[in-house]
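Hi,

Here is the structure I promised to pass on.

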There are 2 protein chains.
Amino acid sequence: MSKELSERKKKILHALVDLYISTGQPVSSSDIQSKYLPEVSSATVRSELSALEALGYIEQPHTSAGRIPLKEAYKFYVDSISASGGGETALTDRETEMIRERFFKRLAHIEDMSKAAAKIISDATNYTSFCIEHSSMDIEIEEVKLVPLKGRKAVVLIVTDKGMLANKAIDLSDDVKDEYVEAASDLLNKVFRGRNLLELESFDLSEIDVEIRGFKDILDEVLNILRIYVSSHSDTVVVEGALKMLDYPEYSSVEDAKAFLSVIEDKDSMAQILSDDGSIELSVRIGKEDNGVDKCAIVTAAYKVGDDVVGQAGVIGPERMDYKKVIGVLELMKETMSKVIDTSTKHITDGRGEY
Amino acid sequence: MSKELSERKKKILHALVDLYISTGQPVSSSDIQSKYLPEVSSATVRSELSALEALGYIEQPHTSAGRIPLKEAYKFYVDSISASGGGETALTDRETEMIRERFFKRLAHIEDMSKAAAKIISDATNYTSFCIEHSSMDIEIEEVKLVPLKGRKAVVLIVTDKGMLANKAIDLSDDVKDEYVEAASDLLNKVFRGRNLLELESFDLSEIDVEIRGFKDILDEVLNILRIYVSSHSDTVVVEGALKMLDYPEYSSVEDAKAFLSVIEDKDSMAQILSDDGSIELSVRIGKEDNGVDKCAIVTAAYKVGDDVVGQAGVIGPERMDYKKVIGVLELMKETMSKVIDTSTKHITDGRGEY
DNA sequence: GCTAGCACTCTCACCCATCGACTGCTAACA
DNA sequence: TGTTAGCAGTCGATGGGTGAGAGTGCTAGC
């Protein structure tokens with residue numbers, strides 16, 4: 001690796017990965033020769049292949065078989081793709097248009113962008129895809145209201161700059177009066193308005209220098225609602241097309257399939273697997289066999305608003321995956337999603353009570 | 001079937017199913033003889049077996065193999081279990097206690113009973129389990145409130161006898177005054193208070209003989225919120241332990257596994273599959289191969305409050321499943337859940353905004 | 001009606017020979 | 001020195017053949 005490969009070696013290595021990706025079979029010297037290097041003989045290709053094998057790029061499953069790529073070969077292949085001008089070759093204009101169109105169609109229907117994006121990516125690539133939305137706690141409270149209801153109950157409404165945060169019915173004891181509720185509402189506003197959800201973690205009621213006598217219970221209650229919200233709102237992970245992986249011969253045994261699916265469907269382990277390359281624009285990981293999903297390649301793209309990474313979209317598939325297409329699709333979606341978020345954050349979104 | 005089987009045939013048939021369930025292998029005449037009928041010879045068992053085969057209860061995979069049960073045999077087996085006193089033999093007191101305890105532990109943690117129940121059932125039986133909650137639209141609106149917020153926005157709060165229904169931020173045009181909001185709030189209450197969600201489907205604003213001039217927009221808005229709620233709240237389906245099915249040799253091929261999983265994970269098709277025996281107390285369906293999940297048996301129990309079926313819990317597994325245990329667990333859970341719902345519906349539950 | 005005994009059938013595991021796909025090596029050539 | 005043609009060698013896959021084992025069905029006798 002330290003040494004540069006000769007041009008012909010590069011060409012042969014690239015050809016080998018290409019062929020292996022499309023057929024899944026070990027690639028023979030004559031395959032490469034006939035389809036990629038008609039100007040030399042297969043014997044020449046053979047000697048180059050054994051050199052590449054010595055360098056650790058490829059291997060033979062057995063003596064009388066062709067060669068298959070090793071991780072190093074895939075890395076070389078991916079590098080050579082991204083070096084040669086990125087996605088432009090991978091998707092035709094028509095495909096690009098189709099994907100964009102289908103995405104926006106879905107987006108109008110479903111409220112959730114992650115879901116739509118995961119679906120589109122999985123459909124376009126035919127691999128298992130996922131989306132992670134990094135739950136930003138950078139939310140500012142605009143207004144807190146205690147709304148009295150009939151029958152000694154009340155609702156806490158918390159309005160933020162990102163929409164409605166939560167609402168919860170609480171019981172009031174029998175002796176509270178309307179004035180009390182009103183006063184409490186005012187107090188809540190004084191205490192919480194303008195605060196950021198992030199600061200609430202380390203928020204101590206006793207620091208507040210407002211009149212809280214008599215209102216401690218209700219303050220605690222609201223604080224609790226907010227804390228539960230913060231702690232329960234970890235990153236959301238959406239997986240789409242999990243079963244597609246089973247179409248590939250790499251996962252043709254039920255045990256392997258089961259192992260794969262049980263990792264893939266567990267949101268926590270997914271979040272952990274993907275946390276490594278959270279902020280990398282476009283990351284390709286091949287065969288890190290530490291975490292249950294070995295024999296896999298994971299390609300992720302981070303989508304941003306300004307400089308903030310707000311989520312990741314990605315594909316998980318067999319090592320021999322169609323990297324050209326996958327990278328093309330992910331770059332397209334990254335771009336599209338970044339734009340969508342950028343324009344949509346200016347509007348108030350619908351409220352979602354969460355408990 | 002019209003004819004009654006002899007006692008000995010019944011005994012042999014029961015033994016055969018028992019053995020097949022525990023081993024998964026074709027059962028030979030000598031197996032049955034040595035373990036269940038030591039008083040006769042295997043030749044006798046053999047002649048009985050060929051009689052049972054002629055009657056359509058069992059079959060041989062090939063000439064020199066033992067017998068395996070057909071659907072008729074399973075039906076006979078299940079009938080004979082439920083006839084002989086139901087669950088009492090299936091679960092020990094200790095097991096019953098364990099299951100109950102674990103269920104209530106989970107229930108405290110997770111808000112959602114269906115999820116907890118499905119998890120417990122799947123764990124206890126080692127099969128794929130599911131729970132359906134029939135979304136009852138028999139919900140009465142107790143109070144509607146329009147709460148003004150800063151910045152020309154307002155929130156619609158709908159309180160029902162089952163808890164908080166929904167909240168949504170709406171924009172108000174610039175020229176509305178506080179008095180308008182108050183009046184609108186009053187009107188909304190007049191119109192909707194006491195109404196049942198079911199009647200809203202066929203609700204026509206023009207029928208209302210209250211003053212609606214000037215408030216039509218807001219009434220429409222609220223009506224729309226309610227309608228969206230009703231239409232989007234189809235029955236919720238929870239599936240647990242989907243991958244457990246892959247442990248059984250019936251699904252040892254990836255294609256079969258894939259077909260199974262794709263049906264099982266599609267909430268709609270699940271709901272449809274289970275809609276047939278919605279109200280049956282305890283239903284056992286074996287090998288209805290119409291709907292994608294052939295080679296399966298489905299056992300469902302309906303849980304009720306009073307006379308109303310409010311949900312179903314069930315197990316889906318290979319035809320040769322441990323029916324004794326499954327039926328035992330489902331009856332236990334059915335009972336437990338019915339009680340839980342019965343006592344909990346008296347309290348107001350937490351609100352859940354839904355859009 | 002039951003049973004012992006036996007012939008029959010069918011699967012499964014194993015072995016072996018053959019075939020075909022590639023490679024690596026060698027010798028010759030530009 | 002690099003390239004090529006030719007050839008021997010290696011290994012996996014395929015398919016037929018064989019023997020063991022498991023179970024049955026049938027029959028004759030009790």
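Let's start with chain A, which has eleven helices and ten strands; helices here are DSSP runs of H or I with at least four residues, strands are runs of E with at least two, and both are numbered from the N terminus. Before you go further: this is a predicted model, where local features need pLDDT of at least 70 and side-chain atom pairs count only at pLDDT 80 or more, while totals for chains, interfaces and linings use all residues. Residues are numbered from 1 along each chain as its sequence is written, and chains are lettered from A and ligands numbered from 1 in the order in which they are written.

On confidence, chain A averages a pLDDT of 83 (the predictor's confidence in each residue, from 0 to 100), and 85% of the residues score at least 70. The stretch to treat separately is residues 346-355 of chain A, where the pLDDT is below 50; beyond near neighbours in sequence, that stretch has 28 contacts in the model. A contact means two C-beta atoms, placed from the backbone, within 7 Å.

Of the 355 residues in chain A, 36% are buried. Buried means 20 or more other C-beta atoms within 10 Å of the residue's own, exposed means 12 or fewer, and partly exposed is in between, again with C-beta atoms placed from the backbone. If you take the chain A contacts between residues at least 6 apart in sequence, 60% of them join residues at least 24 apart.

Now the DNA. By class, the surface near DNA strand C has four nonpolar, twelve polar and two charged residues. For the classes, Ala, Val, Leu, Ile, Met, Phe, Trp, Tyr, Cys and Pro count as nonpolar, Asp, Glu, Lys and Arg as charged, and the others, Gly among them, as polar.

DNA strand D is surrounded by 19 residues, the closest being Thr44(A), Thr63(A), Ser64(A), Ser28(B) and Ser64(B). The elements giving two or more residues here are α3 of chain A plus α2 (29-36) and α3 of chain B. The largest share near DNA strand D, four residues, is from α3(B), and the classes come out as five nonpolar, twelve polar and two charged.

Back to α2(A) for a moment: its buried residues are Ser29(A), Asp31(A), Ile32(A) and Gln33(A). They are covered by elements including α1 (7-23) and α3 of chain A.

In α3 of chain B you'll find Glu53(B), which counts as partly exposed because it has 14 C-beta neighbours inside 10 Å. Leaving aside neighbours within four places in sequence, Glu53(B) is in contact with Ile58(B), Glu59(B) and Arg67(B).

Helix α6(B) is mostly covered, with ten of its 13 residues buried, among them Ala117(B), Ile120(B) and Ile121(B). Beyond its neighbours within four places in sequence, Ile121(B) is in contact with Ser129(B), Ala313(B), Val315(B), Val329(B), Leu330(B) and Met333(B).

One backbone detail to finish. Just after α6(B), Asn126(B) takes a positive phi of about 70°, in the loop between α6 and β3 (128-133) of chain B. Asn126(A) also has a positive phi of about 70° although it is not a glycine, and its place is in the loop between α6 (113-125) and β3 (128-133) of chain A. Most residues other than glycine have a negative phi. Asn126(A) is partly exposed, with 17 C-beta neighbours inside 10 Å.

Cheers

Technical notes. A residue is near a molecule or strand if its C-beta atom, placed from the backbone, lies within 6 Å of it.
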